[in-house]
Amino acid sequence: MKEAFKGRVWKLGDDIDTDIIIPTQFLALKTVEDMKKYAFNPLRPELAAQIQPGDIIVAGKNFGCGSSREQAPEILAALKISCIIAKSYARIFYRNAFNNGLLLLENNELYDYCSEGDHVSVQLESSQVLLGEKSFEVASIPTDLLQMVEAGGLVPFMRKRNGK
Amino acid sequence: MGYTLTEKIIMRNTKRSSVTAGELLNVNVDRVMVHDIFAPFVVEKFREMGFEKVWNPDKIVFVYDHLVPTSFIEDFRHHKIADAFAAEQHIKAVHRADGVCHQLMPELRYVVPGQVVFGTDSHTTTYGAIGSFSTGIGYTEMAAIFGTGELWIKVPPTLKFIINGELPQGVYSKDIILRILGDIGADGGTYKALEFGGSTIKGLSISSRMTLSNMAVEAGAKVGVIEPDEKTFAFSGVEGSQFQDLKSDPDANYEKVFYYDASTFKPVVACPSNVDNISDVEALLGTKIDQGFIGSCTNGRFEDLEVAAKILKGRKIAPFTKLIVTPASRSIYAEAAKAGIIGILVEAGAIMNPPACGLCCGRSGGIVSDGERVIATNNRNFLGRMGSPKSEIFLASPATVAAAALEGKIVDPRKYL
């Protein structure tokens with residue numbers, strides 16, 4: 001896991017639910033690569049094609065609420081979003097994201113200060129997010145969770161356990 | 001210091017004499033449920049992780065419900081993969097067309113009070129209604145359980161809802177949970193346990209209690225539990241004396257306690273497109289609707305079909321209005337047919353869908369187009385949930401939905417009761 005990185009911001013609102021992240025009608029597509037084109041389809045159908053590797057999603061409260069569909073964090077990881085910075089997350093999405101190697105950070109104020117298209121810098125070691133001159137503190141992530149993200153998620157972690 | 005019901009279930013499972021909210025621990029999984037949409041992914045992750053044998057084939061239940069009956073050519077792939085895995089791993093419990101997973105798990109007694117259960121679906125919280133700790137997880141964690149039989153959890157703090165008194169006529173458990181969601185918000189229970197108690201809850205049937213626990217996740221909750229009682233033990237076919245520990249202590253530590261007087265509840269509706277956007281039915285009278293939907297793991301049980309039939313008996317739904325009815329399980333469908341309920345619904349103009357998830361998750365059986373407005377008994381009214389993102393979904397009790405279908409607009413169901 002890179003300790004510091006910078007990315008362009010896509011800004012989404014409160015309660016971005018998993019049906020918005022990936023609607024049910026696309027869940028039976030064969031691969032996550034097929035599905036990722038439909039990320040955020042009901043809300044912003046054009047967005048998935050515009051997201052570039054390394055981009056950052058900044059959102060309001062309760063990001064990922066709704067269903068347990070793990071394709072939600074999986075397609076965001078497949079779009080190579082470097083992290084999400086939201087005011088808060090729904091529980092199942094939170095676990096699923098880390099299990100798929102997707103980093104989630106929490107901050108209450110950044111959302112109100114940043115605009116779409118801004119560039120923010122994330123510094124994991126100091127738990128800071130920088131927007132221009134202003135810095136925002138994010139809750140630090142427990143080391144074992146960071147290690148799991150670094151390893152690529154729960155699958156590689158279990159492979160190791162199984163001596164594979 | 002005392003313990004909450006949720007803590008008691010975790011203590012029973014881990015054989016510990018104390019647990020504290022916020023503590024991380026491993027639980028021994030009593031049962032898991034995987035539905036057809038996620039089965040191929042669980043199988044794939046299980047293999048990628050390097051496992052060969054599941055920890056216990058008798059503790060795994062497969063339910064095909066999201067893709068039943070199949071709507072697209074690709075759907076059957078999910079069933080084939082799950083069937084092959086079940087055969088290989090000697091998993092006997094595979095339900096191919098018996099109903100919605102969350103109805104079947106308690107109905108067929110795969111879950112009984114005091115158990116710790118996980119499912120690859122957020123509405124796994126439903127089984128809290130019979131006093132189990134049950135919640136939804138993703139397919140990667142499910143694959144890890146398939147291999148190990150364990151999962152780490154964080155002991156959640158509890159929000160307790162005490163509801164006392166008699167519910168007014170025309171008011172159901174759906175109205176209770178919608179009001180609570182409106183009060184605490186769609187993230188008001190995140191990471192927490194919700195516990196429902198009081199004389200009103202005691203008076204509810206197991207079916208009505210399941211509606212409460214089912215929607216606990218709509219507040220972000222990990223579980224939505226109800227103390228098991230004689231009704232629960234009879235439903236689950238267990239001896240109550242074995243479960244006397246499953247009670248919250250009088251001095252249990254709650255994060256917050258909410259008190260409600262049942263007589264203050266009214267028929268309510270969750271307006272588009274959030275479950276916590278609650279309005280009294282009275283404030284929406286006359287709102288035109290194009291389609292009603294009665295069904296799902298929230299409200300597709302016998303009593304739900306029965307109240308709809310009571311309202312629709314001898315009447316016809318409004319012209320240009322559709323009413324989709326989906327019993328939650330095969331046995332409910334059969335029982336309702338025997339009782340004459342299905343005949344009443346069909347004669348009134350309802351379209352009967354087979355017992356499965358169907359319209360609730362926008363896969364089949366009544367997909368809506370731009371500008372259409374639906375009033376439905378299921379649990380989510382998210383943008384585009386039932387089809388077009390330019391449609392609108394209102395959530396309400398089966399009585400409110402049936403009455404709306406009759407008039408083609410939102411009306412007070414009490415005038416038909």
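The model is predicted: local features need pLDDT of at least 70, side-chain atom pairs count only at pLDDT 80 or more, and totals for chains, interfaces and linings use all residues. Residues are numbered from 1 along each chain as its sequence is written, while chains are lettered from A and ligands numbered from 1 in the order in which they are written.

Let's start with confidence. For the complex, the predictor gives an ipTM of 0.83 and a pTM of 0.93.

**Domains of chain B**

Domain 1 of chain B covers 5–15 + 24–240 + 247–262, and domain 2 covers 268–416; such bounds come from an automatic or database domain assignment. Taken over C-alpha atoms, the centres of the two domains lie 24 Å apart. Contact here means that the C-beta atoms of two residues, placed from the backbone, lie within 7 Å. On that basis, 33 residues of domain 1 of chain B touch 33 residues of domain 2 of chain B. On the domain 1 side, α6(B) supplies the largest share, six residues. Helices are DSSP runs (H or I, at least four residues), numbered from the N terminus.

**Chains A and B**

Between the chains, 33 residues of chain A are in contact with 39 residues of chain B. On the chain A side, α1 (18–21), α5 (91–99) and α8 (154–161) each supply at least two residues, and α5(A) gives the most, with five residues.

**A helix pair in chain B**

Helices α2 (residues 39–48) and α3 (residues 76–89) of chain B pack at about 45°, with axes 8 Å apart. Axes are lines fitted to C-alpha atoms, for helices over the stretch in contact, and angles run from 0 to 180 degrees between N-to-C directions. α2(B) and α3(B) are therefore oblique to each other (under 35 degrees counts as roughly parallel, over 145 as roughly antiparallel, 65 to 115 as roughly perpendicular and the rest as oblique). Ala39(B), Pro40(B) and Val43(B) of α2(B) make the contact with α3(B) residues including Ile81(B) and Phe85(B).
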